[in-house]
Amino acid sequence: MKNQSATMFESVFAEDTHKGLTSYPKFLHSKYIYDKKGDKLFQEIMAMPEYYLTSCEFDILKQNKTDIAKIFSSENDFDLIELGAGDGKKTKLLLKELVDKNYKFNYLPVDISQNVLDELENALKDEIPQVSVKTQQGTYFETLEKLAEYNSRKKVILVLGSNIGNLSHSEAVDFLRNIAVAMSDDDMLFMGFDQKKDPQIIMNAYNDPAGITERFNKNLLVRINHELDGEFEVEKFKHWETYDPETGTARSFLVSKEEQRVKINKLELEVKFDAWESIHTEISQKYDDAIVSWLADEAGLVVERNFADSDNSFKNYIFRRK
Ligand code: AVJ
């Protein structure tokens, strides 16, 4: 069934786009924001004053690097596996500490973008040449399948930046469970979770006045234009953010400012929008200790401890197998 429909489309991106824009209500997957332009826009987001997540997590790692490194280390070598490594700015803090304390480890950054990995490897050669680095390109899913193969040494799996926030709770449990099954008793998972907080602070982080988040969100339409010969006029859509303090879910939308029809030529599709019809594009889930413990429990993990910034804006949790 799945294969049959896949043959009708030139790519999974084409298929997912077709599905999302012919559904009601319309949606697109946030993972498709990250082409070259989207990667760059996300770098810009991380540098924005309103996007508190990056600086909070940076501070947590900086304040607690000695403790964290001690917890990671063991008598024998270990593998430090980072999923979604990105530019490694935050990870370098930990790598530096591990090197300074003479802990023996291999650093295995995984990212979907080979470009990002090449840059990270070169930067590390320059800045912390003592680190043994082995990069691996792939999606989270491909990587998780390979994770269990790294079983000759203790594993510490690192997922920073609240990347899990783009997943629904059930997807997050699946993701955590996939990690859990690849873990041995000695292994650890170290993961960042953005926390529930003043809703205005969250709104500002995803609705910045400079419009960087708007461009980031609209990059979905730009990408459809480029890769699927689409005819979206992006100024005819409005970036809209909501945050529900009860569920802790921030949601991003693109809202059509007028009734319009948009051709996507490679899909042989014309999409009709009513005035003010929405496309749901992203969720950025916020957490508290109770939700994190529940997700962990569902996935066969337990929280061993957590590290927070002074406002409890962001927390990094250490998990072990249950
Ligand atoms: C990369 C998933 C952590 O949801 O905060 C930033 C992506 N979206 N601004 C997030 C994002 C809009 C980001 N994560």
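This is a predicted model: local features need pLDDT of at least 70, side-chain atom pairs count only at pLDDT 80 or more; totals for chains, interfaces and linings use all residues.
How many helices and how many strands are there in the protein chain? There are 11 helices and 14 strands, where helices (H or I, at least four residues) and strands (E, at least two) are DSSP runs numbered from the N terminus.

Residues are numbered from 1 along each chain as its sequence is written, and side-chain values use heavy atoms, with hydrogens and water left out.

Let me begin with the whole chain. The C-alpha trace spans about 65 × 45 × 40 Å along its principal axes, and 51% of the 322 residues count as buried, meaning under 20% relative accessible area with a 1.4 Å probe and protein chains only. Among contacts with a separation of 6 or more, 72% join residues 24 or more positions apart, a contact being heavy atoms within 4.5 Å.

Now to the ligand, which is surrounded by 13 residues, each with a heavy atom within 4 Å of it. The closest are Y51, G161, Y206, E282 and S284, and this shell divides into seven nonpolar, five polar and one charged, with Tyr among the nonpolar types, Gly among the polar and Glu among the charged.

Terms used. Buried means under 20% relative accessible area, exposed over 50%, partly exposed in between (1.4 Å probe, protein chains only).
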